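User: I have a structure to go through for class. Can we take it step by step?

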Amino acid sequence: GRRVRWSVQARDSLVTMAPSEKTSADCVKEEKQDSLTSAMGNNTEEVKSAVPGSKLDSDDDSQSSVSEKSVDISAVKRPGSSSFLRSVLPWTGLLIWPLMLTLPLLLSSPYSFTSYSEIFPENMYSYDASAGDDKPKPLGLCLGITAVAIGMVFIIIYFYLHRSGALSCGYEPASIQTQGPRSYDFAEGVATHLAQPEGFVMLTAYLSITWMANMMPSSYYSFEGSIQWFELALCLVIQDGIQYTMHRLEHAVSPEFYKKSHKPHHRFTNPRVFDAFNGSIADTFFMILVPLFCTANIVRTCNVWTYMAFGSIYANWLTLIHSEYVLPWDKAFRKLGMGTPADHHVHHKFFKYNYGHLFMWFDMICGTHKCPDDVDQKYFNVEAW
């Protein structure tokens, strides 16, 4: 009986001692782990991953693992090449501006093997109404339409890369409005943009009629010289000034006129880049074609290359200001009073500001300018630019 009682007591004492022995062992391990954790600073999780199951095989192995983890962490925190590329790569998009002028630049240089005089026979472009020529040659018209089309191809390619984050190391660019960009299929957007009758269809028809009917000033049919940069800038400013006036009139003449002309375009309060020419036939006629014809008859000294460059920059810039994303050069443009997507989004959102498109100068003069920085931040991602 005594032996049994002693055995039971011994067994109970062993059972009660086991937890205390286990606890003390764990304490030793925890002390080692705490010392490693303090050496690493706040990187506790890395130490635990270096010591699986909180079991340290040896001090040397553990210190080696901790050291390796320390190197990895510092590499992640240190600004690397990806940060540099992310800040610099988006600016490569500035190349689209000279690329809009690809065709007139290539063909107008007298020193290039791509000079028009080296490619086309003289009877395809020579025209002088005063000498009794019957009608203008269609070559200038075809090259002008092609120049706009080439510029648009570069715009579409650039915008696809910009939108997908390919020019910002995989980061999606900031949206203009806080609600974010509308969701759509890119191919659908391109198809809609190019097929709109009130867009390139009407523009092509206008260019064809005014060119072939000899309705342009005589200098516009001349292939001599190259791009006239002063006349090009003058055309852009005058075009935008007349368009500003027509735009305000469409809003102000009467509710019925606005409803039939410009309101279809204003259904997009958060526009996308492919909404640039999505409106109505009346809207395109009054706001684009009338200013184009007036501008050509005000600036009467342009040659064919200047007219070509003007058409490409105008059409493609008008497309870009409808972008749903911030563009890298927006901040610089805004300081110069040049039109940006955010400026135009203000108009689409509130309807009563920023009637200009390429420039904000006429809005500033007439008191209708609203800087995107001054808009309530609940609508616009002001911090994005």
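What follows is a chat about this predicted model.

User: What does the secondary structure come to?
Analyst: The protein has 18 helices and 0 strands. This is a predicted model, so to speak of its structure is to speak of a prediction.

User: And how many of the residues are buried?
Analyst: Of the 385 residues, 44% count as buried. The accessible surface is about 20,100 Å². Carbon and sulfur atoms hold 60% of that surface.

User: What share of the contacts joins residues 24 or more positions apart?
Analyst: Among contacts with a separation of 6 or more, the share is 72%.

User: OK, helices. How do H8 and H9 pack?
Analyst: H8 covers residues 139-164 and H9 covers residues 186-195. They pack at an angle of about 155 degrees, and their axes are 12 Å apart. The angle is over 145 degrees, so H8 is roughly antiparallel to H9. The crossing is right-handed.

User: Which residues meet there?
Analyst: From H8 there are Met152, Ile156, Phe159, Tyr160 and Arg163. They meet Phe186, Val190, His193 and Leu194 in H9. By class, this contact has 7 nonpolar residues, 1 polar and 1 charged.

User: What about H14 and H15, at what angle do they pack?
Analyst: H14 (residues 281-298) and H15 (residues 304-320) pack at about 155 degrees, with axes 13 Å apart. That is why H14 and H15 are described as roughly antiparallel. Their crossing is right-handed.

User: Which residues make that contact?
Analyst: Met287, Ile288, Leu292 and Thr295 in H14 meet Phe310, Tyr314 and Leu318 in H15. The contact has 6 nonpolar residues and 1 polar residue, and no charged ones.

User: Why would residues three or four places apart in a helix point the same way?
Analyst: An α-helix has 3.6 residues a turn, so residues with that spacing point the same way.

User: Threonine 319 is next on my list. Where is it found, and is it buried or exposed?
Analyst: Threonine 319 is in helix H15. Its relative accessible area is 1%. The cut-off for buried is under 20%, so threonine 319 counts as buried.

User: What does threonine 319 touch?
Analyst: Leaving out residues up to four places away in sequence, threonine 319 touches Met152, Ile155, His193, Val273, Ala276 and Phe277.

User: New topic. Where does serine 175 lie?
Analyst: Serine 175 lies in the loop between H8 and H9. With a relative accessible area of 11%, serine 175 is buried.

User: What is in contact with it?
Analyst: Setting aside neighbours within four places in sequence, serine 175 contacts Gly180, Pro181, Glu324, Tyr325, Val326 and Asn381.

User: How far apart are serine 175 and glutamate 324?
Analyst: In sequence they are 149 residues apart. In space they are 5.9 Å apart, C-alpha to C-alpha.

User: Last one, H17. How many of its residues are buried?
Analyst: In H17 (residues 341-350), 8 of the 10 residues are buried, so this helix is largely enclosed by the rest of the structure. The buried ones are Pro341, Ala342, Asp343, His344, His345, Val346, His347 and His348.

User: What do they pack against?
Analyst: They pack against H11 (229-252), H13 (263-266), H15 and H16 (330-335).

User: And what comes just after H17?
Analyst: Phenylalanine 351 does, and it takes a positive phi of about 75 degrees.

How values were computed: Residues are numbered from 1 along each chain as its sequence is written. This is a predicted model: local features need pLDDT of at least 70, side-chain atom pairs count only at pLDDT 80 or more; totals for chains, interfaces and linings use all residues. Side-chain values use heavy atoms; hydrogens and water are left out. Axes are lines fitted to C-alpha atoms, for helices over the stretch in contact, and angles run from 0 to 180 degrees between N-to-C directions. Helices (H or I, at least four residues) and strands (E, at least two) are DSSP runs, numbered from the N terminus. Angles under 35 degrees count as roughly parallel, over 145 as roughly antiparallel, 65 to 115 as roughly perpendicular and the rest as oblique. A crossing is left-handed if the near helix is turned anticlockwise from the far one by less than a right angle, and right-handed if clockwise. Contact means heavy atoms within 4.5 Å. Ala, Val, Leu, Ile, Met, Phe, Trp, Tyr, Cys and Pro count as nonpolar, Asp, Glu, Lys and Arg as charged, and the others, Gly among them, as polar. Buried means under 20% relative accessible area, exposed over 50%, partly exposed in between (1.4 Å probe, protein chains only). Accessible areas come from the Shrake-Rupley method with a 1.4 Å probe; for residues, only the protein chains shown count as cover.
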